[in-house]
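This report is meant for someone meeting the structure for the first time.

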Amino acid sequence: MTNFDTSNMESPLHHRVAHTNAANAGVVMKEDKFRGQLNLRGNPQDVAFTSAVESVLGVALPMAPSSSARNGDTVVYWLCPNEWLLIVASGTQGQVEADLRTAMEGQHIAVTDISSGQTLVNLSGTGVAELMQKSTVYDCHESNFPVGKVVQTTFAKTGTTMCKLEDGSFDLVIRRSFSDYFFLWLQDASDEYGLSVS
Amino acid sequence: MHHIYCPYCEEMREEEEYSYTGEAHIERPKDPAAISDEAWANYIFFRSNPRGIHHEMWYHAAGCRRYFNATRDTQSYKVHETYKMGEMPSITAQTLAVANLSEKGGAS
Amino acid sequence: MSPNLPQINRLATGGRIDRSKPMSFTFNGKTYQGFEGDTLASAMLANGVGVVGRSFKYSRARGILGHGAEEPNALMQLHKGKETIPNPRATQVELFDGLTATSTNGWPSAEFDLMSLMGKIGGKMMPPGFYYKTFMAPQKMWMTYEKLIRKAAGFGKLSLEADPDTYDKINAHCDVMVVGAGPAGLAAALEAGRSGKRVIIVDEQNEFGGTLLASTQTVDGIDAATWAEQATSQLEGMANVLVMPRTTAFGYYDHNFVVALERRTDHIGPVAKTGTRQRLHRIRAHQVILATGAIERPLVFGNNDLPGIMLSNSVSTYINRYAVVPGQRCVIMTTNDSGYQTALDIQGAGRTVVAVVDSRQTPNGRLVEAAKAAGIQVMAGHGVIEAQGSKKVMGAIVAPLDEAGDKVIGAGKTLSCDLIAVAGGWSPVVHLSCHTGSRPVWKDDVAGFVPGPSIQNQHLAGAVTGEYLLSEALNAGIQAGATASGTTSAQIFDCGDESIGVSQALYLVPHTKPISRAPKQFVDFQNDVTAAGIELAAREGFQSIEHVKRYTAMGFGTDQGKTGNINGMAIVAKTMNKSIAETGTTIFRPAYTPVTFGAIGGRDVGELLDPARHTAMHPWHLANGAEFENVGQWKRPWYFPQAGETMQQTLNRECLAVRNSVGILDASTLGKIDIQGKDAREFLNRVYTNAWSKLAPGKCRYGLMLKEDGMIFDDGVTACLSDNHFLMTTTSGGAAAVLGWLELWHQTEWPEMEVYFTSVTDQWATCSFAGPNSRKVLEKLCTDVDLSAEAMKFMDWREGTVAGIKARIFRISFTGELSFEVNVPADQGHYMWKKLMEAGEEFGITPYGTESMHVLRAEKGFIIAGQDTDGSMTPYDCLMGWAVGKTKEFSFLGERSFSRPDTARTDRKQLVGLKPKDPTVVIPEGAQIVMDPNQPIPMDMMGHVTSSYWSECLGHGIAMGTVKGGSDRMGETVYCPLADGRVLAAQICSPVFYDPKGDHHND
């Protein structure tokens, strides 16, 4: 959204922007700042609910465990059988929340804006597979973690919700209060590959 | 290090993602005021501690944040099954004993 | 630099060493030379180094026994200063140029050892159980004894400086994990690799191949070592196979979880190091193939610990792999055909085989015939009953044995020699299979324990099963690899190794004298456990093998009894007239070989030890000199000192600012849970002690949360956002536990309730500002909410715009003053904080931290769950019966427990205020409370102080504490006797010290 004013806002990793320590870094970190993030709860068996969500988002809720769905800037992560993370364009979360509430009027649902509480980080590069091995107990091998899969698991001593992208990179959702720890860990674990922050 | 199948995520996950949260199938008395102190104490304090098959609750804390149940052998640590909240175990000490008996019977 | 000594035992040709790459090293100060490809042990033997250390208890000279993980004697101290590494086995240390090693024991030196004198005198005085018997009492003296014993005998020493190395961990996952890259492991990995499965194969050595590297056999017509090289490069060429040399799988845990230690830089030494020294691999495998091999057993005979007595297979390995013959004249003592291979290897190396002494009456088989054909003297039906020499072997006393190997049946004679190679049979390496709880099983035909049944997806291949032929190992490897991969294979290897002769199960070679009188017959070299000691333990009534182990210390060394345990068990069994199967074995536990603590810690050290959680305003706190306090994982500003202030001065200034004008606190760390659904209100009724049915939108209420036992678990303020929408706050440390608690009840007991919970702790930044001027500050920034006392009452909340940001404004107070909390999305928290600081400047707005917050709330008698409560306090114990709903329809969590007899007692510890009699005194938190300070010890403990501070605003110390029956003791005097001898008196009072009527926060 072009007229989204972020001048008074600080993303969780805002102070890490300039950091870079390697020309041909094996790990590249990019924070996708200020994306709208909504936590959605509802009954997946209720067609009224699922169709209402689809009408607002333009994409059907992913129903299979650990799956995701995409429609342009809108990404939906399955979190548990009645919980999804909606990632929408920066600044649109208020409107999406309002639209959802209208569409689901009277239903047993919950929509919660958590855009400020977590941030989206993309990790890519030749060293990223090994970096992920150091950082998470989940098996990120392509045979177990294919493109589009979403997994909530541990990341070092904090947690993450992560998704594998088509280009082989990883999108990680990191909680705001743990983001400094996350970055310290990332910096340390990527030392042997080189880290670049863009 | 246990490797446990989450019945909601529908895959094996590492023990680090889970918390053990106590014995399964302990039901809260429907009318606490109506039961004796002894019955209440049994409900809040007393738990079985079997050597062998145990039905217990686990919490997928770092994953989907669902509670579920597991039938686990406290001696061998074998997890025989996991099942969703509200479901009953398909494997119990009794079914295993019967299975072992028929296995022995079949062999002799 | 001293000139290099010649490598007197090095062969001119052969071996897997690179003679074009000589390397210097020092051992105990002397400089020697070896070659690339040597271990420290092979290089020492090449140079004729005999004594490598002194024994633990008797301080006897010891030499190298084996060639791998089994080595009990050659423990080294590597490098110097902060780089020093204690206790690696020389047999597993790869040589590099400049390596510095010393013996770990022997004082003042291994060659000349004062303590051996004590060993000679003290030997008789140090029977098994010596430590228990001698040092049991007085217990406090144990530390003194231990220091002396350690100095005299001890193992390696740690540097007291920080470890300059780094270590890390990595998680790995595979379909098939192969432990061991000897013939069985290589074959298994090849088969599994060809199936396309994800395979990991590890081996503790620098080079894959295991016994193949020192074998003179062939595999399908190819030289064994060459076959190993080819197999290894095939594996390295497979994208689905991870090949990890220098990696020890040291622990095998539940559900096929294998932990392996990779040594990444140890082989290049402490210089020019990049990256981590060691990496811990945490491997989850669907299938595990144990191809861990077998370790040769020594035999137990008189003086069998003399330097120059070695395992037969190790002698062969030194010759064939390292081109080192560790002696000139060799006697071989064997109970099986293995010794004959060594005899042939020694002869092939051009040294003298004095005799093969074979306990069997009629040895036969291919190798026996080959040795005889080579002109080697075979003494069948004989045993080496005693070795002679002092610091090295000079001779072997050989005597005829009866058929069972129980008795000496004729006169002995002495054979002159400088090397005795001992082949006592093989012990399968069952260690890893034991780690998951599987008990090993004794097999008579193997004369050893093999892995027992396992519930893991575990497969075995090779010598670990007691099948020792090369072809058997390779073929078993193929089959294990196929089974683990879900395929089949008909591949058969041809090694031309026909069946060998039957071994004799002999462990203790009899002496002409009884065990108790014979020269020392060692079972466990590292812990100096002798046959006589074990026999004595059995006679003293230790019948369980586990008890014998603990009584004698057999198998307790860093080698875990890899060479000694079976012999010890055999002696126990024989002493008790039982079979080894009946006496059983001790169970091996991780780690297979010692693991550096650094590797177990990995990168979870320093600032990565535990995550530090920060709020959005953290940069401001840092820039403004805050001292921080840990609250759970949060770093919260503790206080904001100004130049020249003591901490108390800071607190006084901060507290007075709040009482007199306005102070500001970062309260973002409070747990926040968003609750939505038409049953949200009823859910609150069930989990909180008080009533929620009538709380209107725009209102807040304080709630107490109990466990079912009636004890306070958490507390906080919950706001009604709309009829079906609430925002709950929790303590900073309790957020995750409370969310889990709510989910537990919803998911297990009340799934029919229509309610959802979402954590929003990180979503909202909370600026809490308190004091008589707090409204004025807010009014400057917020114009769309009527903030007047009439319009926005205490415990109201409003949505409004503050500094241009959509915010939630709560009028709640934890200080007793007029107070507001502004919640904004955390992205704008830092900005909001700065705007409030600007707006408050004219009022001297003062940032304060958790310590002042504690003082301010204690002045008001507000509890902190977890500080003033400890899981044993009911609301009534905290004099908070006002927060308990008496007429709630649903029996809320914990309510039923109020009427339990123990919970209903009136003499329970209750939380009261404590006013020190001396107004200048602050009673230490944690101080114990008694009624009569003159009562003799043990005094009747009445309770303890839970919170205590200096109150600048009141001008005296204040405290809260638990006192038995405290609510009925108002006005009584209690005493706190302190460790420093002072006894502080205090008067029991109401915990509300400041503004008891609440006029201030209602302003």
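## A serine and its contacts

In this predicted model, the backbone nitrogen of C:L954 lies 3.1 Å from a polar atom of the side chain of C:S951. The side chain of C:S951 also makes a polar contact, at 2.6 Å, with the side chain of C:E859. When residues up to four places away in sequence are left aside, C:S951 touches C:E859, C:H956 and C:I958. C:S951 belongs to strand β46 of chain C, which covers residues 943-951, and because its relative accessibility is 0%, C:S951 counts as buried.

## Chain C as a whole

Chain C contains 24 helices and 49 strands, and its C-alpha atoms fill a box of roughly 115 × 70 × 60 Å when taken along the principal axes. Of the 1003 residues in chain C, 62% are buried. Among the contacts in chain C with a separation of 6 or more, 66% are accounted for by residues 24 or more positions apart.

Helix α7 of chain C, residues 312-322, is largely enclosed by the rest of the structure, because 10 of its 11 residues are buried. Among these buried residues are C:V315, C:Y318, C:I319, C:R321 and C:Y322. What covers the buried residues of α7(C) includes α1 (40-46), β16 (294-296), β17 (309-311), α8 and β24 (419-423) of chain C. After α7(C) comes C:A323, which has a positive phi, near 55°.

How do α8(C) and α9(C) cross? The axes of α8 (residues 338-348) and α9 (residues 366-373), both of chain C, come within 8 Å and cross at roughly 30°, and α8(C) passes α9(C) in a left-handed crossing. On the side of α8(C) the contact is made by C:Y340, C:Q341 and C:L344, while α9(C) contributes C:L367, C:V368, C:A370 and C:A371. The residues of this contact divide into six nonpolar, one polar and no charged.

## Nonpolar cores

The largest nonpolar core has 61 residues, and those with the most contacts inside it are A:L40, A:M104, C:I675, C:F683, C:M728 and C:L742. Helix α20 of chain C, residues 735-749, gives the most to this core, with six residues. C:L742, one of the residues with the most contacts inside the core, touches C:I673, C:F683, C:V687, C:M705, C:M728 and C:F757, not counting residues up to four places away in sequence. A second, separate core has 48 residues and includes C:I64, C:M76, C:I332 and C:L419.

## A buried isoleucine in chain A

In chain A, A:I87 lies in strand β5, which covers residues 83-88. Is A:I87 buried or exposed? A:I87 is buried, because its relative accessible area is 0%. Beyond residues up to four places away in sequence, A:I87 touches A:R35, A:G36, A:Q37, A:D73, A:T74, A:V75, A:Y77 and A:L120. The C-alpha atoms of A:I87 and A:A64, which are 23 residues apart along the chain, are separated by 18 Å.

Most residues other than glycine have a negative phi, and most peptide bonds are trans. The exceptions listed here concern chain C.

| Site | Backbone feature | Value |
|---|---|---|
| C:P590 to C:A591 | cis peptide bond | omega near 5° |
| C:I937 to C:P938 | cis peptide bond | omega about 0° |
| C:H255 | positive phi | phi near 60° |
| C:D995 | positive phi | phi near 45° |

C:H255 is found in the loop between β13 (247-253) and β14 (257-263) of chain C, and C:H255 is buried, with a relative accessible area of 16%. C:D995 has its place in the segment after β49 (983-989) of chain C, and at 11% relative accessibility C:D995 counts as buried.

Definitions and conventions
Residues are numbered from 1 along each chain as its sequence is written. Chains are lettered from A and ligands numbered from 1 in the order in which they are written. This is a predicted model: local features need pLDDT of at least 70, side-chain atom pairs count only at pLDDT 80 or more; totals for chains, interfaces and linings use all residues. Side-chain values use heavy atoms; hydrogens and water are left out. Helices (H or I, at least four residues) and strands (E, at least two) are DSSP runs, numbered from the N terminus. Buried means under 20% relative accessible area, exposed over 50%, partly exposed in between (1.4 Å probe, protein chains only). A polar contact is a pair of N or O atoms within 3.5 Å; within protein, one must be able to donate a hydrogen and the other to accept it, and residues adjacent in sequence count only if both atoms are side-chain atoms. Contact means heavy atoms within 4.5 Å. Axes are lines fitted to C-alpha atoms, for helices over the stretch in contact, and angles run from 0 to 180 degrees between N-to-C directions. A crossing is left-handed if the near helix is turned anticlockwise from the far one by less than a right angle, and right-handed if clockwise. Ala, Val, Leu, Ile, Met, Phe, Trp, Tyr, Cys and Pro count as nonpolar, Asp, Glu, Lys and Arg as charged, and the others, Gly among them, as polar. A nonpolar core is a set of buried Ala, Val, Leu, Ile, Met, Phe, Trp, Tyr and Cys residues joined through side-chain atoms within 4.5 Å.
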